[in-house]
Structure formats: C-alpha cells, structure tokens
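Please look over the sequence and the fold. The report below walks through charged pairs and a nonpolar core.

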Amino acid sequence: MSDESANYDPTQQNDVIDDMFEKYFLEYASYVILERAVPAGEDGLKPVQRRLLHALKEMDDGRFNKVANVIGSTMQFHPHGDASIGDAIVNIGQKELLLDIQGNWGDIRTGDSAAAPRYIEVRLSKFALEVLFNEDTTEWQMSYDGRKREPVTLPAKFPLVLEMGVEGIAVGLSTKILPHNFIELCDASIKYLKKETFLLYPDFLTGGQVDVSNYNDGARGGKVKMRAKIVEADKKTLKITEIPFSTTTGSIIESIIKANDAGKIKIKKVEDNTARDVEIIIHLAPNTSTDITIDALYAFTNCEMSVSPNAVVIIDQKPRFLGVSEILKSSTDQTLFLLKRELQIRKSELMEKLLYSSLEKIFIENRIYRDIEECETFDAVIDTIDLGLEPFKKDFYREIVKEDILRLTEIRIKRISKYDGFKADELMKRLEEELLEVEDNLNNIVRYTVNFFHDLIKKYGKGRERRTEITQFGEVQAAIVAANNQKLYVDRASGFVGYGLKKDEFVMECSDIDDIIVFRADGKLSVVKIQEKVFVGKDIISCSVFRKNDERRIYNVIYLDGKTGRTFAKRFAVTGITRDKEYDITKGSPRSKILYFSANENGEAEIVTINLTASSTAKKKVFDFDFAELLIKNRSAMGNLVTKYSVRKIAFKTAGKSTLGGVDIWYTSALGRINKDEHGMYLGNFGATDKILVIYKTGEYELTNFELTNHYDPRQVHTIAKFDEKTAISCIYYDGDQKNYHIKRFLIETSTLDKKFMFITDHNRSELLMASFEKRPRIEIKFKKQRKSEVETQLFKVDEMIEVKGWKALGNKLVYDKIVEINTLDPEIEEEEGEEEEILEIANADIEENDEELEIENEETTESEDQELKLPDLPSDDQNKSNNATHEGEQLGLF
C-alpha cells in the first residue's frame with residue numbers, strides 16, 4: 001500500500017465537496033436573483049426587460065420595427081435565448097405604457113396569445129423616451145461578450161415596477177408586486193414631495209373589484225381579494241362584465257361549468273360574447289335565485305380570487321423586502337435626483353454656450369481677427385487672440401483656456417462677414433433667460449419635480465383612470481349559498497343518516513358540504529359532516545341541516561331525568577359546537593330520555609297537553625304547558641321543573657307565536673348588503689312580514705324581503721329603508737322627454753317582491769334628483785330661472801307643495817330652467833297652538849282629579865281608624881298542595 005493511500009482521509013474529501021456545493025449553489029442562487037427574477041429598485045426592470053428597451057432605443061428612428069428584429073438586437077446583450085426576450089416584450093407591450101404596438105398582440109382578458117414575432121411591430125412610446133433614457137445620467141457597463149455597452153440600470157423617472165407590476169421566482173426567493181394606477185402613482189409622488197400622507201392600492205387592466213382591507217402596503221403577510229363584476233340582466237340571467245386579475249374569460253367559464261357539474265350552482269348554459277368588452281352570459285336554471293347564485297359564483301368559481309403580494313426589489317446588489325410606499329418614496333427621491341442632475345447638466349451647457357457666444361462676439365466686433373493677419377506662427381496667433389481677450393476675462397464665469405481660443409480660430413470668414421450683432425444679442429438673451437429659469441428650478445427642485453409629475457398626468461394620463469373598483473367584500477358562507485345537490489335521508493331505528501339511504505325516510509334537501517345536527521331519544525346531540533352513510537346513534541328523533549351561529553332556530557324540549565324521575569322543560573339554541581362530539585341536552589343521568597321535542601325556525605313557542613300516569617297521586621292528571629313561559633337559555637341548562645310525577649304522554653295542542661321579537665337589520669352601503677352585525681346604517685327591527693323598500697337612482701323602487709343573501713348594487717341605490725305602507729315618498733326628478741322638472745309625493749301601492757317599478761317618466765334622460773321617506777321633508781333648491789341668470793336658493797316644505805298621489809302620477813311641474821343642487825334638510829317639528837291648549841287643559845283636569853281623590857282618601861282613613869283590622873283567610877295545607885300541583889302543571893309532550 002502506498003503512502004498516499006495510507007494518508008487518505010474521506011472526511012477531508014467530503015468537506016471539500018461540501019464547500020464546492022455551497023459555493024456553486026450560492027453563485028447560482030445569486031445569479032438567478034440578481035440577473036433573472038427580481039427587478040432592480042432603480043428602474044423597476046428585470047435584466048431582460050432593460051436590455052430589450054435599450055436595444056429598442058438603439059434602433060429607434062421613429063418608425064415601427066418587427067419584433068423579430070428587436071429580439072435579434074436584444075440577443076447582443078442578453079445571452080439567454082430568444083424565447084425569454086419574446087415573452088418579455090409581449091408582456092410589456094400588452095400594458096401599452098412603454099411600447100407602441102401594432103398587430104395582433106393577444107388579449108390578457110381572454111388569454112389569447114400574440115402573433116408570431118415576424119408579424120407584429122413595436123417602437124418605444126413617447127412616455128418611455130421621456131422618463132427612461134438620458135445618455136448623460138446613465139451608468140454604463142460592458143455586455144456579456146465585451147463587444148457592446150449596456151446600461152447598469154436605466155435612469156427611470158417614474159415608479160415603473162409599481163405601474164406594471166412584476167412576478168418572479170428565484171432560488172429560495174419570490175417576488176410579486178401588483179400593478180397600480182398611473183395617475184394615482186403620480187399623485188402619490190406629488191403628495192410625498194409635499195410631505196403629505198398617501199395610500200396606494202392595486203389597479204388591474206381587467207377591471208373588476210378589489211378588497212384591500214389586508215393589503216399591508218403590498219409587503220409580506222398581506223392578502224388581496226379580487227372579484228369579477230357580476231350584474232343581474234334579469235331574473236333568469238347574470239352577466240359578467242369584468243374579471244379578476246390573473247384570470248381569463250376561458251378560466252372563468254371553465255370554473256363555472258365545473259361548479260355546475262359538481263352541483264354547487266344550478267345553471268342552464270354559459271355564453272362567451274366577449275369582443276371589445278368582456279361579456280359572459282350565465283343562464284340560470286328555473287326557480288334559481290340570482291342573489292344566491294352570485295354569492296355561489298364567488299364562493300365556488302374563479303369569479304373570486306385572492307393573491308398574497310410580496311414586494312422584493314434589488315437595492316445595492318441585495319434583495320430587500322419593502323412595502324409599495326417605500327418603493328414609491330425611493331423612486332420619487334431618485335426622480336428628484338435625476339431631474340436635479342439634468343438641470344445641472346443643462347446649466348453647464350447654457351453657461352458654456354453663453355461663454356462661447358460672448359467670446360465670438362468680442363472676437364468679431366472688436367476685430368481681433370485682424371490682429372492675427374501678421375502673425376507668422378500658430379502660437380503667435382493664439383497669443384494675439386489671448387491678448388485681445390484680456391480686458392474682458394474678468395466678466396467670464398471661468399478662466400479662458402487654450403481650447404476656447406482654438407474654437408475661435410475655426411470660425412470661417414463667411415460667418416465673420418455675415419455676423420449679425422443684433423441676432424447674437426437676441427440669442428444670448430434667450431440663453432440668459434433659460435439659464436435664469438434653470439437656476440430657479442434648481443433652487444426650487446421640489447416644485448420642479450411636482451410640476452414634472454403634473455405634466456406626466458397631463459400628457460399621458462388620459463385613458464389611464466382607475467379601472468378596478470375598491471370595495472369591501474362580505475364573507476360568503478359557502479354552506480348557505482351552495483345549491484342543494486343532495487337529499488338527506490334517515491334510518492331512525494338503526495341510527496344512520498346520509499344521502500345514500502334512498503330507501504329510508506326522506507328528511508330534506510341539502511348540499512354535499514353541509515353539516516347535519518342530530519338529536520337522539522336518550523338526550524344526546526351531535527353534529528356530523530354529511531356523507532353517503534354515517535352512524536350517529538340509534539333512536540334518532542330529529543335530524544336537519546345545521547346552521548352555525550343561528551340564534552333564531554330554537555329547540556323546545558321536555559325530558560325525563562333518569563336519576564330523580566322528575567320532568568323538566570327547556571328552550572335553547574345551538575349556535576356552535578365541535579363536530580363529531582356528543583353533547584347532553586338532559587342532565588346526563590342514566591335512563592334519561594326526551595319526552596317532547598320540537599325545532600322552531602323563528603323561536604315559536606307552542607302549547608302542549610301533558611297527561612300524567614293514572615297511578616300518580618296528583619289531583620290534576622291532565623294540564624297544558626305553554627313554552628312561552630320559559631326563557632331561552634343555553635343547551636347545557638337544566639331547565640324548569642314541569643312535574644315531579646310520572647308522565648304518560650305529551651301531545652301538541654296549539655301553535656304559538658315567536659318569542660324572539662323582530663330582527664335588527666343594518667345596511668352596509670359599501671357592500672350593498674344587509675346584515676345583523678351592526679355594520680352600517682340601521683334600517684329597523686323586522687318582523688316576519690316586514691319588507692325593505694329600495695329607491696334606485698334610475699327612478700325605480702323595489703320591495704324585497706330581508707334575507708341576508710340579498711344584493712343591492714351600491715352604485716344604483718339612492719335610498720333604502722324599512723317599508724311602511726303609510727309613509728309617502730317625496731321626490732324630485734328631471735323629465736327627459738319634456739325637459740323639465742317635477743315634484744311628486746306618492747304611496748307604494750304594489751306588493752310584489754323583487755320587481756322594480758318605474759315611478760318617474762320612462763325616458764333614457766330622465767333622472768331622479770331627490771327622494772325622501774320623511775313625513776314632512778324640507779328641501780333647499782339652488783336653481784336658475786333662466787340659463788344665464790344667477791343661482792338662487794329657496795326653501796320648501798314638500799308636504800305643503802303637493803298632495804299625495806298615485807305612484808304613476810307625473811307630479812307638479814317646477815318652473816326652473818336648471819336645478820343646480822338639492823339639499824335635504826332636517827324635518828321641521830311643529831306643535832299646533834290648539835294641541836298645546838288641549839294638553840294644558842287635560843293636565844289641569846288631572847291635577848284637580850288627583851286633589852279630589854286625595855281628599856276622599858283622607859276622609860276614609862279617618863273613618864276607619866277605630867275599626868278592627870281584618871286579615872284575609874289563609875288556605876289550608878291541602879289547598880296549598882293542590883295549588884302547587886296546578887302551578888307545576890301549567891309550566892309545561894313527544895311520544
């Protein structure tokens with residue numbers, strides 16, 4: 001064995017391999033992060049994007065270039081093939097900010113891809129030329145093969161990464177910055193420069209709606225929800241007009257069909273009519289609610305998407321996690337620095353031009369050129385010119401050097417002979433004025449930068465208004481909006497429930513994501529997930545779909561306590577429990593059992609008849625029990641004692657009314673939804689037959705129930721309130737047909753729910769201006785009697801202007817040429833003098849009556865002072881027992 005073999009150490013070789021792997025992995029990871037996936041903080045561009053824009057600048061001559069040629073030119077700087085360059089240029093081109101495009105570039109809404117590079121053309125936009133390129137402020141480096149120079153970063157004077165958005169996946173790192181609105185970015189930069197607060201939220205080319213409640217400034221840990229814009233075309237049809245970011249019309253339709261096949265929604269067909277605008281038509285199945293279907297589309301399809309932003313940019317050759325506000329501040333600071341640098345360069349150029357113009361003027365007007373005619377050497381020429389300029393050198397901002405004199409020697413005789421001193425002075429004056437302007441901008445660089453952003457909005461902001469509506473999304477409970485695609489069956493004796501027991505007792509329709517609540521005769525309660533067949537325990541007395549946090553479904557129970565033999569009654573709700581866990585609704589004693597059970601959707605309290613056994617010693621063996629006498633408590637409460645005697649049977653006698661009272665309802669205008677969570681405007685307390693009245697801006701009204709699944713388009717709702725059939729609606733509207741204004745008061749005379757009725761003239765230019773539910777509304781109208789007259793203001797009491805008429809009436813005409821503004825004032829509360837006098841007379845009569853009663857009482861007391869005090873007869877013990885038994889019987893039957 002050789003000495004080398006004897007000294008071989010395998011652990012040493014493993015250490016070398018580990019070091020190699022660590023070194024190569026770090027180099028690869030750094031390369032992917034810095035050169036491929038993550039944008040630079042200075043210009044917001046990835047290397048491939050920067051290189052193709054630089055290639056386009058070198059090719060720029062104002063005309064369009066074939067994309068195939070651009071890809072070829074970019075490959076001089078980018079060593080990673082043509083595919084990545086082609087994808088990058090299409091991605092930038094579809095956003096139509098930095099590039100002017102021509103040809104079929106695809107469609108981000110439908111997912112259609114662009115035509116082949118040889119068929120489409122591109123050039124830099126005016127915006128890109130203005131904010132991205134400046135030879136003097138660009139830092140350069142050599143390309144990968146050393147043949148060309150390329151920019152390290154472009155001198156961007158705009159937060160491109162925030163406007164276009166970016167997504168990239170590197171080794172152990174990813175970035176996702178959502179796109180923002182062009183105008184809002186400029187406004188935010190202006191606010192930052194003015195040291196004002198600002199907020200930035202995403203805006204997408206596809207439109208739709210976005211909930212930014214948890215945006216977290218675009219940093220890690222945030223979340224954004226996006227929704228399609230769905231409108232109700234009619235009661236049988238829905239229309240999708242805008243789609244969420246990161247989806248296409250194809251993916252939306254595919255997810256809708258998939259949800260329909262799974263039974264989550266019920267539709268007949270879907271049509272894609274997308275052309276210039278997105279239009280997906282959804283035809284609903286018969287007897288399907290549009291409101292519930294809209295919620296189901298958000299719950300089960302791509303009509304609602306969520307994304308988690310993660311803003312990462314490269315700063316000083318290192319990835320940094322920032323919020324979008326920090327990125328904008330950094331970009332704005334860089335814009336200010338670049339503008340200042342450009343002004344400084346321009347100032348130097350102007351000063352040099354002024355210097356040379358002055359030298360030229362002195363050289364020609366003082367005929368210094370004639371002094372050099374007798375010079376024999378070039379050095380003598382230089383010295384002679386320098387001597388001629390000597391008296392003027394003190395007026396120049398810098399020292400005159402040899403290069404300045406050499407430029408004077410290059411002036412041609414033709415220019416000297418045609419030199420115009422007046423034109424030279426005009427030129428120098430313009431240069432001085434521009435120099436003063438540049439110096440003023442340098443001294444007020446913040447103001448200059450603010451004006452720069454204002455100019456960007458003015459030049460390029462048209463057509464870049466916000467497309468995505470910022471709103472808040474209510475939480476959609478999937479179990480509520482899911483279509484009933486299964487049927488619940490029960491085998492009571494064997495203890496099975498599920499949708500596969502089709503030979504057993506049918507209970508109700510349900511969906512395959514519902515939970516089922518089960519009550520057994522032994523007093524056990526459990527909640528299980530719906531399945532084809534699941535065992536829950538024998539002797540089932542009730543099973544139904546479980547609704548979490550439902551406080552209005554009340555269970556009325558009478559049970560026998562197995563330990564004491566006494567019978568108790570209780571009322572309770574089941575709002576939330578652990579799935580697959582058994583709970584006792586009795587005291588939990590052995591041999592306890594349910595004697596009577598009922599489930600009441602709105603807290604009804606019935607009356608039952610209780611029959612005691614013949615062997616009991618109770619005198620009253622049959623009595624009624626009213627559940628309305630019981631308070632609603634939690635499910636673990638013992639309940640109230642009904643009787644201590646044995647019960648033979650309990651039978652239902654009469655149905656009762658709800659003991660819960662009405663439901664308090666609120667309306668959230670931002671969501672267009674009603675709720676019971678005290679969010680938004682309070683509408684009132686609603687009973688079972690109460691309705692909601694909605695007045696729309698279109699001049700229509702609609703009556704609806706108060707189901708929490710109802711949708712009210714907040715952009716169309718003018719006023720919403722609890723419906724009172726005795727309250728008149730006051731309104732002012734513009735008649736588009738007759739071109740005049742009307743005021744009317746009317747009562748709601750229709751009772752049909754979910755149908756809109758037009759109460760103003762049916763013309764496309766008719767417009768509702770004001771509507772009020774007040775009994776005696778007061779309004780302030782600002783108007784012009786004639787077009788060119790001044791604005792006048794007048795106060796009105798509407799109830800004094802017009803009587804209540806039918807809802808189809810036109811109303812009274814207002815003789816105004818133009819109503820500028822209508823303000824609704826607080827209603828005036830007036831008390832009539834006659835009413836005050838009547839109230840005063842009644843009060844005086846009451847006082848006199850009380851005085852007379854007091855006198856009579858005093859007389860009676862005096863007469864009875866000497867009389868014997870007599871106590872009422874007390875009942876005997878037997879009577880007490882009988883009364884107690886009767887009382888017990890009156891406090892509360894199943895089998």
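## A partly exposed pair

Is K393 buried, partly exposed or exposed? K393 is partly exposed, with a relative accessible area of 23%. Here buried means under 20% relative accessible area, exposed means over 50%, and partly exposed lies in between (1.4 Å probe, protein chains only). K393 forms a salt bridge with E390, and their closest N and O atoms are 3.2 Å apart. A salt bridge is a side-chain nitrogen of Lys or Arg within 4 Å of a carboxyl oxygen of Asp or Glu. E390 is also partly exposed, at a relative accessible area of 45%.

## Basis of the values

This is a predicted model, where local features need pLDDT of at least 70 and side-chain atom pairs count only at pLDDT 80 or more, while totals for chains, interfaces and linings use all residues. Residues are numbered from 1 along each chain as its sequence is written, and side-chain values use heavy atoms, leaving out hydrogens and water.

## Bridges across the sequence

By the salt-bridge rule, the count comes to 48. One of them joins the side chains of R520 and E582, at 2.7 Å from N to O. This pair links distant parts of the chain, 62 residues apart. R520 sits in strand β21 (residues 515–520). E582 sits in the loop between β26 (567–572) and β27 (583–584). Helices (H or I, at least four residues) and strands (E, at least two) are DSSP runs, numbered from the N terminus. R520 counts as buried, at 7% relative accessibility. E582 counts as partly exposed, at 46%.

K653 and D624 also meet through their side chains in a salt bridge, 2.4 Å from N to O. K653 lies in strand β33 (residues 647–654) and D624 in strand β30 (residues 622–626), so the pair ties together parts 29 residues apart in sequence. K653 is partly exposed at 44% relative accessibility. D624 is partly exposed too, with a relative accessible area of 30%. Elsewhere, R547, D550, R553 and E601 form one network, joined by salt bridges that share partners.

## The nonpolar core

The largest nonpolar core has 76 residues. Such a core is a set of buried Ala, Val, Leu, Ile, Met, Phe, Trp, Tyr and Cys residues joined through side-chain atoms within 4.5 Å. L53, L98, F127, L132 and L456 have the most contacts inside this core. Helix α11 (residues 324–365) gives the most to the core, with eight residues.

What does L456 touch, not counting residues up to four places away in sequence? L456 touches F127, E130, V131, K157, F158, F182, C186 and G461. Contact means heavy atoms within 4.5 Å.
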